[in-house]
2 protein chains.
Amino acid sequence: MKIALAQLNYHIGNFEANTEKIISNIQSAKDKGADLVVFAELAVCGYPPRDFLEFDDFISLCENAAQDIAKYCTDIACIIGLPIRNDVLQGKDLFNAAYFIEDGKVKAITKKALLPTYDVFDEYRYFEPSTSFKCIDFKGKKIALTICEDLWNINDNPLYVSNPMDELIKEQPDVMINIAASPFSYTHDDERIKVLSDNAKKYHLPVFYVNQVGAQTEIIFDGGSLVFDADGEMKAEMKYFEEDLQVFDLTEVENVRNKYPQAERLTDIEQIHDALILGIRDYFQKSGFSKAVLGLSGGIDSAVVCALACRALGAENVMAVLMPSKFSSDHSVQDALDLVNNIGCLHEIVPIKDAAVAFDSMLAPAFKGMPFNLTEENIQARIRGTVVMAMSNKFGYILLNTSNKSECAVGYGTLYGDMCGAIGVIGDVYKTQVFQLAKYINKERELIPINTIVKPPSAELRPDQKDSDSLPEYDILDRILYQHIELKQGSAALIAKGFEEALVRRILKMVNVAEFKRYQTPPILRVSPKAFGMGRRMPIVGKYLS
Amino acid sequence: MKIALAQLNYHIGNFEANTEKIISNIQSAKDKGADLVVFAELAVCGYPPRDFLEFDDFISLCENAAQDIAKYCTDIACIIGLPIRNDVLQGKDLFNAAYFIEDGKVKAITKKALLPTYDVFDEYRYFEPSTSFKCIDFKGKKIALTICEDLWNINDNPLYVSNPMDELIKEQPDVMINIAASPFSYTHDDERIKVLSDNAKKYHLPVFYVNQVGAQTEIIFDGGSLVFDADGEMKAEMKYFEEDLQVFDLTEVENVRNKYPQAERLTDIEQIHDALILGIRDYFQKSGFSKAVLGLSGGIDSAVVCALACRALGAENVMAVLMPSKFSSDHSVQDALDLVNNIGCLHEIVPIKDAAVAFDSMLAPAFKGMPFNLTEENIQARIRGTVVMAMSNKFGYILLNTSNKSECAVGYGTLYGDMCGAIGVIGDVYKTQVFQLAKYINKERELIPINTIVKPPSAELRPDQKDSDSLPEYDILDRILYQHIELKQGSAALIAKGFEEALVRRILKMVNVAEFKRYQTPPILRVSPKAFGMGRRMPIVGKYLS
């Protein structure tokens with residue numbers, strides 16, 4: 001039996017485009033001699049459809065699309081994910097399901113049992129967990145079909161009290177197929193390989209795994225679909241961050257060593273780089289825009305975002321706006337211009353002095369001679385926000401946000417100023433990782449000026465300002481933030497690890513007090529196991545840690 | 001047996017304040033001769049604690065607080081809600097639970113079975129559902145204790161496949177107690193009374209129900225704790241929007257008619273008015289601030305917010321900033337000044353012309369003579385946003401957002417301009433309801449100038465602008481929005497109801513395209529069954545409906 005894995009980039013709720021793509025891949029799989037073509041979880045509508053699922057009309061559109069697709073499933077069978085209605089009155093109204101289609105008809109339906117409801121996932125918000133399990137008979141083989149999380153309950157601290165495969169294995173299946181929408185983080189590829197290999201070994205069955213690829217606003221799917229033999233040995237690893245369609249012969253997977261090419265493993269920084277480019281590109285493509293604008297300060301954050309945007313969209317589609325003030329150093333403007341020259345994007349220089357003077361005089365009666373302080377720093381940032389948004393409004397550019405994860409974490413940024421933007425490109429990348437990204441971007445040749453990389457970080461909102469005036473050095477800050485955010489360590493645990501108590505309390509308080517700012521920041525491309533946004537839901541007026 | 005219901009306002013994660021308040025109410029209940037005092041769901045930490053629950057340290061603080069509280073439970077028993085750890089390896093790590101404390105010791109633990117995971121609720125994100133049920137023996141009575149949602153599965157379309165009371169009833173209990181954190185919406189009080197009455201009738205038992213009161217950022221708890229006899233007749237209704245402690249004699253509840261006073265029922269607009277005042281007050285109190293600032297345009301939205309803020313915080317703590325431009329009509333400034341005079345709040349007048357001129361000249365080289373359009377309208381709104389944020393930064397005022405639900409829905413507002421603020425006061429109140437609120441606020445005397453109420457709504461960002469230039473009349477717009485947002489009707493269903501097809505498609509598209517704006521708006525005080533924010537989670541780059 002030949003099994004095609006179709007690793008595709010879907011667009012949520014774009015039934016026309018998704019259906020067309022699926023049908024064209026059914027044809028390609030047929031052309032390549034496949035007996036069965038397998039598409040990802042919720043492929044029909046894209047993942048995550050979120051509260052679109054609460055519209056009855058949306059479910060009908062999924063059903064209609066599946067019926068259209070079924071017509072093309074002749075001389076080839078197909079497995080495809082979609083939401084379906086729950087006929088039983090009790091329980092949630094939907095299942096996260098998969099159709100098995102043969103001879104143009106839906107011959108079997110598999111429903112997901114384990115519903116991820118943590119981090120960015122909300123599946124129990126919509127779906128009833130399945131409690132019945134049955135293998136699919138096809139061409140003399142029994143297929144144990146599961147959906148994503150259904151195979152993930154085999155680690156040390158299982159989240160669920162049951163394992164669907166423990167039921168399915170009773171039918172003595174010949175092969176496991178798992179359809180997924182498993183989002184990228186730079187730690188996730190290794191985990192995924194281990195979990196699937198562990199399943200193959202535990203049930204002593206070959207595993208065929210197909211993932212989605214592409215970004216849905218902040219959530220990035222990296223593809224990397226996989227095949228394992230019954231010993232848990234990886235037999236194939238499909239492309240990362242790209243669509244891919246490959247056909248595998250079940251007998252060969254079971255018997256032949258090193259038959260299929262494997263993708264090249266990437267370092268964490270390489271993965272983050274490729275993920276961010278995909279994230280930018282899909283945000284624009286799926287929302288129907290092609291041109292980006294950003295503020296270019298001469299600092300490393302905006303330089304890295306500019307370089308990534310040029311790679312994702314083409315330098316001719318990126319407008320960098322330099323907005324010097326009286327506090328900008330000469331080298332900042334020069335560093336920004338050097339980047340523009342190196343990289344070939346568009347640019348404008350809009351000094352902000354006139355607006356700063358205007359706000360000073362407008363506010364003088366109310367401020368009654370009170371001294372320059374954070375207020376005036378924020379005004380500068382907000383003038384810049386207004387300028388880049390004006391460029392966005394006038395020319396249809398989409399504004400990229402350039403805040404990094406370290407400053408998002410501690411609230412070192414101005415709401416409605418440098419925290420503006422449609423999508424946060426590096427908001428899940430710590431400052432220390434931004435430096436690594438810059439070096440990686442410069443691997444072939446110097447795009448980001450060396451001076452941008454080596455100079456001490458500064459917001460340049462008052463004379464001789466340095467980030468280190470208000471914040472600890474980034475290497476120590478990022479280590480504490482990682483422990484607190486990714487590993488969920490509270491102050492006692494951090495102090496026990498040897499971090500200085502006063503520093504720990506100060507940083508954790510900053511993180512928690514900044515919650516009101518993060519609530520209003522753009523969606524942030526998720527590349528870590530714990531990004532700000534939908535995956536991290538904190539009270540705003542809560543008192544704990546602050 | 002005398003049962004005290006303690007309806008209190010908790011602060012999430014503020015263990016010191018919550019514990020002190022709980023202990024003081026244990027003492028009051030004792031003083032009033034109660035045998036048992038009942039506190040709400042997750043009273044120890046406040047509801048909803050969200051991802052604080054993922055910090056091990058946070059759970060330890062809950063346990064410690066409960067131990068402190070237990071010491072005071074002598075000569076009185078206590079039921080109190082808190083998160084507890086799950087000792088079983090399989091499943092989620094926590095339960096949403098209640099302690100029954102007697103003689104200073106935890107004598108029984110009840111765990112929640114039905115975990116609301118819809119709208120603003122995320123309980124399955126954290127908690128394992130309980131599968132074991134046992135009544136509590138106390139003073140010769142059997143108490144069937146359940147937690148909030150555990151009693152809510154008796155409507156026409158049950159969300160869950162089981163009912164905890166169907167298990168507990170087997171032990172033949174004498175009384176039902178339900179501890180809740182049941183958020184306010186203007187429809188919820190009636191539903192709550194019906195559900196609890198239906199439970200009393202179904203199981204033929206008296207019901208004691210205690211709710212939280214107070215606002216946790218956007219979620220408002222209205223109190224209104226209830227007592228029913230075994231026939232489902234309401235015997236007591238505690239205060240709405242205020243703390244309350246009342247003691248009930250179980251025998252009297254069972255036998256005496258009209259013994260306890262009932263709260264006065266409020267109209268929808270009265271409820272919304274009181275809820276918003278509580279929402280503003282608690283946002284400030286719990287985040288440690290006392291003074292508010294807002295932009296006052298002369299229009300009805302900012303007038304209503306200003307009046308509500310003055311009632312919540314005192315007029316002396318509210319700063320209204322008038323920011324006229326060349327497009328502001330004379331009557332706008334006069335209407336705003338009339339309100340300030342009527343209401344007695346502070347005010348500043350900051351004309352925005354200088355900044356508007358500065359941006360024009362700064363952007364002229366880039367804009368190359370392109371005509372005035374939405375860009376320049378947005379610049380004015382963003383100048384105003386910068387001015388009010390400067391007032392906030394300089395004086396420590398917290399900015400109130402004044403956008404109404406109709407404009408939030410269709411994206412009729414400027415991100416980083418009039419969409420700024422720490423908390424959206426009327427973002428869950430449709431424009432047509434804002435008019436009703438204004439009239440209610442003026443009930444005793446004219447606070448909001450009549451001209452503000454009767455003049456046609458306008459953003460005043462270009463000459464002779466009216467909202468109706470870009471939007472349908474609000475009465476028709478609001479009807480379509482309500483059907484789409486609250487009732488989740490798609491375009492086909494709306495057209496079938498008789499709304500004009502082109503209009504329906506245009507409005508639904510506006511709603512969906514504005515998703516990227518709403519992602520970045522402040523938290524919005526929730527007063528309806530479907531508010532923007534955590535309770536409505538839509539894709540941003542999705543295609544459905546747009």
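**Salt bridges, burial and annotated residues in a predicted model**

The structure holds 73 salt bridges over all chains. This is a predicted model, in which local features need pLDDT of at least 70 and side-chain atom pairs count only at pLDDT 80 or more, while totals for chains, interfaces and linings use all residues. Residues are numbered from 1 along each chain as its sequence is written, chains are lettered from A and ligands numbered from 1 in the order in which they are written, and side-chain values use heavy atoms, with hydrogens and water left out.

Me: Why is the pair A:Lys142 and A:Asp137 called a salt bridge?

Reply: A salt bridge requires a side-chain nitrogen of Lys or Arg within 4 Å of a carboxyl oxygen of Asp or Glu. The closest N and O atoms of A:Lys142 and A:Asp137 are 3.0 Å apart, so the pair meets that definition. Side chains of opposite charge can pair when their charged atoms come close.

Me: What makes A:Lys142 count as buried, partly exposed or exposed?

Reply: Buried means under 20% relative accessible area, exposed over 50%, and partly exposed in between (1.4 Å probe, protein chains only). A:Lys142 has 23% relative accessibility and is therefore partly exposed.

Me: Which parts of the chain does the pair B:Lys455 and B:Asp335 link?

Reply: The side chains of B:Lys455 and B:Asp335 meet in a salt bridge of 2.8 Å, N to O. The pair links distant parts of the chain, 120 residues apart: B:Lys455 is in the loop between helix H13 (450-454) and helix H14 (467-470) of chain B, and B:Asp335 is in helix H8 (residues 330-343) of chain B. With a relative accessible area of 15%, B:Lys455 is buried, and B:Asp335 is buried at 4%.

Me: What makes A:Lys517 buried, and where is it found?

Reply: The relative accessible area of A:Lys517 is 17%, so this residue is buried. A:Lys517 is found in helix H18 (residues 515-519) of chain A. The UniProt annotation "binding site", from an unreviewed entry, covers A:Asn378, A:Glu407 and A:Lys517; such annotations may be inferred rather than shown by experiment.

Me: Which backbone oxygen does the side chain of A:Lys517 reach?

Reply: The side chain reaches the backbone oxygen of A:Gly411 at 2.7 Å. Leaving aside neighbours within four places in sequence, A:Lys517 is in contact (heavy atoms within 4.5 Å) with A:Gly411, A:Gly413, A:Leu415 and A:Met419.

Me: Why is chain A called as compact as a globular protein of its length?

Reply: There are 18 helices and 19 strands in chain A. The radius of gyration is 26 Å, close to the 24 Å that the globule rule gives for 546 residues, so chain A is as compact as a globular protein of that length. This radius is taken over C-alpha atoms, and the rule is 2.2 Å times the number of residues to the power 0.38. Of the 546 residues, 66% count as buried.

Terms used:
Helices (H or I, at least four residues) and strands (E, at least two) are DSSP runs, numbered from the N terminus. A polar contact is a pair of N or O atoms within 3.5 Å; within protein, one must be able to donate a hydrogen and the other to accept it, and residues adjacent in sequence count only if both atoms are side-chain atoms.
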